[in-house]
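Here is a short note for a colleague who is new to this model. Please keep the sequence and the structure in view while reading.

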Amino acid sequence: MLYTALEMISVEKEVMEKERETTLAERVPPLKLSGLSVQELQDLCKDLHQKIDVVDEERYDVEVKVNKLDKEMAEMKIKVQELTRKKPTLKRVKISAEQLLSVLLGSSQSKTIDFKANLKTVKKEEEKKEEVTDWRKNVEAMSGMDGRKKMFDAGQ
């Protein structure tokens, strides 16, 4: 199995080399240097330098585009990972005010703050309570003519 894979790889390499040779033959015609004067050779060199410059510029442009697209792909992969990653569910933690302060300020701060000391105090209105006396004494005092007179005088 390895031998067949090696054979396939060697065949692919040969095919790639043949394709390269044919494309180079199409794009770059063979040079005919025999029988040219010095001026014609200089013109040919200038022409070849111009073609090399154009190819280098194209190669640079393609490299920049490839690098830009690679960066965009990496950013997109990161975004996809962030979107697909499950975020852990947070649990509610009951913590006292003193424990919260110790966590926020650090363990070096052992100062305790009384939060209730800063709260406003609300005074409740006390209800007016009538004097509670023995009802029997009250009934005896109100009985008779004297009691009715007291009630009449109190009403005025």
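This is a predicted model: local features need pLDDT of at least 70, side-chain atom pairs count only at pLDDT 80 or more; totals for chains, interfaces and linings use all residues.

Which side chains meet in a salt bridge at 3.8 Å, N to O? Asp 56 and Arg 59 do. The points below start from the whole chain and come back to that pair.

1. The protein chain has five helices and zero strands. Read from the N terminus on, its elements run α-α-α-α-α.

2. **Burial and surface.** The protein chain has 156 residues, and buried ones make up 1% of them. Its accessible surface comes to about 17000 Å². Carbon and sulfur atoms account for 58% of that surface.

3. **Helix H1.** H1 covers residues 2–27, which is 26 residues. From first C-alpha to last, H1 reaches 37 Å. That is close to the 38 Å expected at 1.5 Å a residue. H1 is hardly covered, and its count of buried residues is zero.

4. The structure holds three salt bridges. One of them joins Asp 47 to Lys 51, with the closest N and O atoms 3.9 Å apart. Both residues lie in helix H2, which spans residues 38–84. They sit four residues apart, about one turn of the helix. Asp 47 counts as partly exposed because its relative accessibility is 33%. Lys 51 is partly exposed too, at 47%.

5. Asp 56 has a relative accessible area of 34%, so it is partly exposed. Arg 59 has 47%, so it is partly exposed as well.

6. Which residue forms a salt bridge with Glu 63? Arg 59 does, and the closest N and O atoms are 2.9 Å apart. Glu 63 and Arg 59 are four residues apart in H2, so about one helical turn separates them. Glu 63 is partly exposed, with a relative accessible area of 39%. As a general point, side chains of opposite charge can pair when their charged atoms come close.

7. **A nonpolar patch.** Six residues form a nonpolar patch on the surface: Val 93, Ile 95, Leu 100, Val 103, Leu 104 and Leu 105. Together they have about 600 Å² of accessible area. Ile 95 lies in the loop between H2 and helix H3, the latter being residues 97–105. Is Ile 95 buried or partly exposed? Ile 95 counts as partly exposed because its relative accessibility is 41%.

8. **The largest pocket.** About 350 Å³ of space lies in the largest pocket. Its lining has 14 residues. Nearest the centre are Arg 27, Val 28, Pro 29, Lys 51 and Val 55. The elements that give two or more residues to this lining are H1 and H2. H2 gives the most, with seven residues.

Methods. Residues are numbered from 1 along each chain as its sequence is written. Side-chain values use heavy atoms; hydrogens and water are left out. A salt bridge is a side-chain nitrogen of Lys or Arg within 4 Å of a carboxyl oxygen of Asp or Glu. Buried means under 20% relative accessible area, exposed over 50%, partly exposed in between (1.4 Å probe, protein chains only). Patches are made of residues with over 30% relative accessible area and no salt bridge: like charges are joined within 9 Å, nonpolar side chains (Val, Leu, Ile, Met, Phe, Trp, Tyr) within 5 Å. Accessible areas come from the Shrake-Rupley method with a 1.4 Å probe; for residues, only the protein chains shown count as cover. The expected span of a helix is 1.5 Å times one less than its number of residues. On a 1 Å grid over the protein atoms alone, a cavity is a set of points where a 1.4 Å probe fits but cannot get out, and a pocket is an open set with protein on both sides within 12 Å along at least five of seven lines; lining residues have an atom within 4 Å of a point. Grid points are joined across faces, edges and corners, and a volume is the space filled by probe spheres set on the points.
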